[in-house]
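Please read them with the structure open.

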Amino acid sequence: MNEINALRARANAGDAAAQYRLAAMLAQAGDAASAKEWLEKAAASGHPGAIYTRATELLSGPPAHMAPVRAADMLREAVEKGGLGAARQLAALKTLGLGAATDRRGARALLAKAAAGGHPAAMREAAALAIMAGRDAAAADILLRTAALKGDWIAAVLALRRGGIFTDAEAQSALSQLRQAGAPLLDRHGPPAATATQPRALRENEIAALLEKNDAPAPSRKVLRETAPRLVAYEKALTPLECDYVICAAAPLLTPSAVVDPRAAGARQESFRTSDGCAIGVVDLDLVLFAIWEKLCDAVGALTPNSELMGVLRYRPGQEYRPHHDYLPEDEKDYSEVRRAGQRAHTLLVYLNDGFAGGETIFPRLGLSFRGRAGDALYFQNTDETGVPIEDSQHAGAAVSAGEKWMLTLWIRQRRFWFWK
Ligand SMILES: O=C(O)CCC(=O)C(=O)O
Ligand SMILES: [Fe+2]
């Protein structure tokens, strides 16, 4: 209590950092209204963290509620004031071309700045990009280790999975903390490092050099069915690190899945879909997730802007997705959606993990079933080229009988789906 009173006194005297801390403490204590008030004051006093938080609010919710240009302006202001979280978020906007001009190089430079400044999530993001691009693995491991030791739990999971980064004692302590927090992916991890890596601060230009994109080889593909609905299996569409990254990014966002109901406004919960799921919204995207998104669209020859936001599903034992179609019902309400971007012509499902039983994807009308290993993907057609539904594309996610099944889903429209630009 003393601490909060002292903080309040400093906040009232106009100390921006105290205002920001007070807002965080009040939010944690459940007093959302006062938290919001202090956050606004901190932003007005020029606190970069507060400006960043307000900007992310403008990037959340349905498109009609978003103000991306204003958000980008605020993020720029926060970056100028030294905000590292803001630099990371602005990098994502520049990658998407949302609220700011598309500028991939500028985006990487901003991420490098945030990582060199010691922002844990930015360091983890830079490490993942470096590993994905096949660049200096030792430098990537240093970034990952530093981010994990600074408290970034995703970095800790990735470091454990990769092995050779934590000593045995560090790994044990990370594992027990992660277990307590309910983190995913703790079943399997690599060997410990014989000795602790010497921490070394990486310079901004050194990190920027790690982020240059290398073209990954195209995954091998096998056509499972030639005629409509066309089905194609991809082997190793994503690497283990990419799968793990998606699972970790999605885990905090999961809520019980919803499906589009032709009769009700908005989405509702359905007993025939019992998994937990989420869409990775623009505010959740980072350069790693964007690279994965683009890689998957490239694999199936689709334009990324034609695809809906990536979705992630988690099925626990007994959970399933009963037979359904992915194309949208063409009634009055949903038809405007279909008119804008066309039908959900294509689906790509990526199996993100191994170690579960059941959970095959089944096509009852085709007598086909498929289950990929971690990183494998299944493509199928839901409509023909003109958007006419293919009824035989009906499919189901069979109940999982043991373990957890994690899946990335991508629905691709006939035309541009992205609502910006
Ligand atoms: O879980 C599966 O295998 C199928 C998922 C699915 O059909 C969907 O997300 O639309
Ligand atoms: Fe589906």
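**Notes on sheets, ligand shell and core**

1. Four strands make an open sheet, in the order S8-S14-S11-S12, and their pairing is antiparallel. Its edges are strand S8 (321-324) and strand S12 (368-370), each of which pairs on one side only. On average, neighbouring strands in this sheet are turned by 15° against each other, direction ignored. Bear in mind that this is a predicted model.

2. S8 is joined to strand S14 (residues 395-397) by two bridges, and the two strands run antiparallel. Here histidine 324 stands opposite histidine 395 of S14.

3. Threonine 255 has glycine 277 in S6 as its bridge partner.

4. How many residues of S16 are buried? Eight of the nine are, so S16 is largely enclosed by the rest of the structure. The cut-off for buried is 20 or more other C-beta atoms within 10 Å of the residue's own. On one side, strand S7 (residues 311-315) is joined to S16 by five bridges, running antiparallel. Leucine 313 has methionine 407 in S16 as its bridge partner.

5. S16 also pairs with strand S9 (residues 344-351), in the antiparallel sense, over seven bridges. Leucine 349 stands opposite threonine 409 in S16, and arginine 344 stands opposite arginine 413 in S16.

6. S9 is mostly covered: eight of its eight residues are buried. S9 also pairs with strand S13 (residues 377-381), again in the antiparallel sense, over five bridges. In that pairing, threonine 347 has phenylalanine 380 of S13 as its bridge partner.

7. Now the ligand. Which residues surround ligand 1? The shell consists of Leu313, Tyr321, Asp326, Leu349, Thr361, His395, Gly397, Met407 and Thr409. S14 and strand S16 (405-413) are the elements that give two or more residues to this shell. By class, four of the shell residues are nonpolar, four are polar and one is charged. Leu313 and Met407 are bridge partners, and Leu349 stands opposite Thr409. His395 stands opposite histidine 324.

8. Turn to the nonpolar core. The largest one has 121 residues, and Leu111, Ala126 and Val350 touch the most other members. Helix H14 (residues 287-300) gives the largest share of this core, 10 residues. Beyond its neighbours within four places in sequence, alanine 126 is in contact with Leu111, Ala112, Ala115, Leu143, Ile207, Leu210 and Leu211.

9. Is alanine 140 buried or exposed? Alanine 140 is buried, because 27 other C-beta atoms lie within 10 Å and the cut-off is 20 or more. Leaving aside neighbours within four places in sequence, its contacts are Ala127, Ala130, Ile131 and Leu210. Leu210 is also among the contacts of alanine 126. Alanine 140 and alanine 302 are 162 residues apart in sequence, and their C-alpha atoms are 31 Å apart in space.

10. Last, helix H13 (residues 240-250). Nine of its 11 residues are buried, and the helix is mostly covered. The buried set is Glu242, Cys243, Asp244, Tyr245, Val246, Ile247, Cys248, Ala249 and Ala250. What do the buried residues of H13 pack against? Their partners are helix H8 (120-132), helix H10 (153-162), strand S6 (276-279), H14, S7 and S16.

Conventions:
Residues numbered from 1 in each chain as written. Chains lettered and ligands numbered in written order. Predicted model: local features only at pLDDT ≥ 70, side-chain atom pairs only at ≥ 80, totals over all residues. Pairing = 2+ DSSP bridges. Axes fitted to C-alpha atoms, helices over the stretch in contact; angles between N-to-C directions. Buried ≥ 20, exposed ≤ 12 C-beta atoms within 10 Å, placed from the backbone. Contact = placed C-beta atoms within 7 Å. Near = placed C-beta within 6 Å. Nonpolar A, V, L, I, M, F, W, Y, C, P; charged D, E, K, R; others polar. Core = buried A, V, L, I, M, F, W, Y, C linked by C-beta atoms within 7 Å.
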